[in-house]
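Open the model in a viewer and follow the stops below. Each stop gives a selection and what is found there.

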Amino acid sequence: VDLETTIAGVRRRVAAWRAAGERIAFVPTMGNLHRGHLRLMEWARERAGRVVASIFVNPLQFGPGEDFERYPRTLEADAQQLRAQGIDLLFAPAEQELYPRGREGMTRVEVPSLSELLCGASRPGHFTGVATVVAKLFNIVQPDLALLGEKDYQQLLVIRRLVADLNLPVAVEGVPTVREADGLAMSSRNAYLDSAARAVAPRLYRTLCEMAERLQGGPVGYSELERWGMERLREAGFEPEYVAILRAADLDAPAPGERPLVILAAARLGAARLIDNHIVPHKK
Ligand code: PAF
């Protein structure tokens, strides 16, 4: 994989591919690549002749006291994995390249309402930071297609809305979550779990699956089931932040019996804050 650290360098490379009529897929990441990211790269590979990945731990999307400083940075190992996957270009800019005038007075892209719910409620400004850096990255790389993980479901919807509202010429595709054998969703933040917490962590997804089974099993009130999920997580040793059953398309409140739904949860466990989700599809 070729490493580019400058915007001008990326633009030059991509312009040459575009002039040759090639289709370009883009996978934005914060690095510390795991199998979930590699699945995104594979999907990108299958869909386009050229694949660009980016690695940038974006300070704009971390709040005060969050894990910006300790977020794992493993550029060398990441570049090796991307090379093995046949990725064409890795854009790994320094902060100065993306925010040359500093972050303070930076123009921001705000996606209202969707950004304020769920993770947005406990991480104010987080999705504005995500939307801003993703808009910049899309403008720098100018891909035909961008791949994002469904693990960060709310983020995926925020980015879809950003692209629709600003008419960005990029198709956004969500890629299903890759899980460990015991169901835990792959995440760089799993590294914060000690062995006791790691043993409990799969209960998050299991609880979401149990909730989905109850929903499919017969009529049950959404709020009652959300409370049940919160309680299950507390019993398992989590400090749940939210458990929510919402309309999959836009995270609005669903009508009784409506499908598809998404069940989402965020919970603290030891030193980690974990999120996960589960789609409840149309009834067969
Ligand atoms: O999901 C991530 O890794 C980040 O939020 C993203 C989309 C790369 C923006 O910084």
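**Stop one: the ligand**

Select the ligand and Gln61: an N or O atom in the side chain of Gln61 is 2.6 Å from an oxygen atom of the ligand. This is a predicted model, in which local features need pLDDT of at least 70 and side-chain atom pairs count only at pLDDT 80 or more, while totals for chains, interfaces and linings use all residues. Residues are numbered from 1 along each chain as its sequence is written, and side-chain values use heavy atoms, with hydrogens and water left out.

Next, select Gln155, where a polar side-chain atom lies 2.7 Å from an oxygen atom of the ligand. The protein covers 89% of the 290 Å² of accessible area that the ligand has on its own (Shrake-Rupley method, 1.4 Å probe).

Now show the residues around the ligand, those with a heavy atom within 4 Å of it: Pro28, Thr29, Met30, Gln61, Val133, Asp152 and Gln155.

**Stop two: Gln61**

Return to Gln61, in the loop between β3 (50–55) and α3 (75–84); helices (H or I, at least four residues) and strands (E, at least two) are DSSP runs, numbered from the N terminus. Gln61 counts as buried because its relative accessibility is 9%, and buried means under 20% relative accessible area (1.4 Å probe, protein chains only).

**Stop three: the cysteines**

Select Cys119, which counts as buried at 6% relative accessibility.

Terms used: A polar contact is a pair of N or O atoms within 3.5 Å; within protein, one must be able to donate a hydrogen and the other to accept it, and residues adjacent in sequence count only if both atoms are side-chain atoms. Buried means under 20% relative accessible area, exposed over 50%, partly exposed in between (1.4 Å probe, protein chains only).
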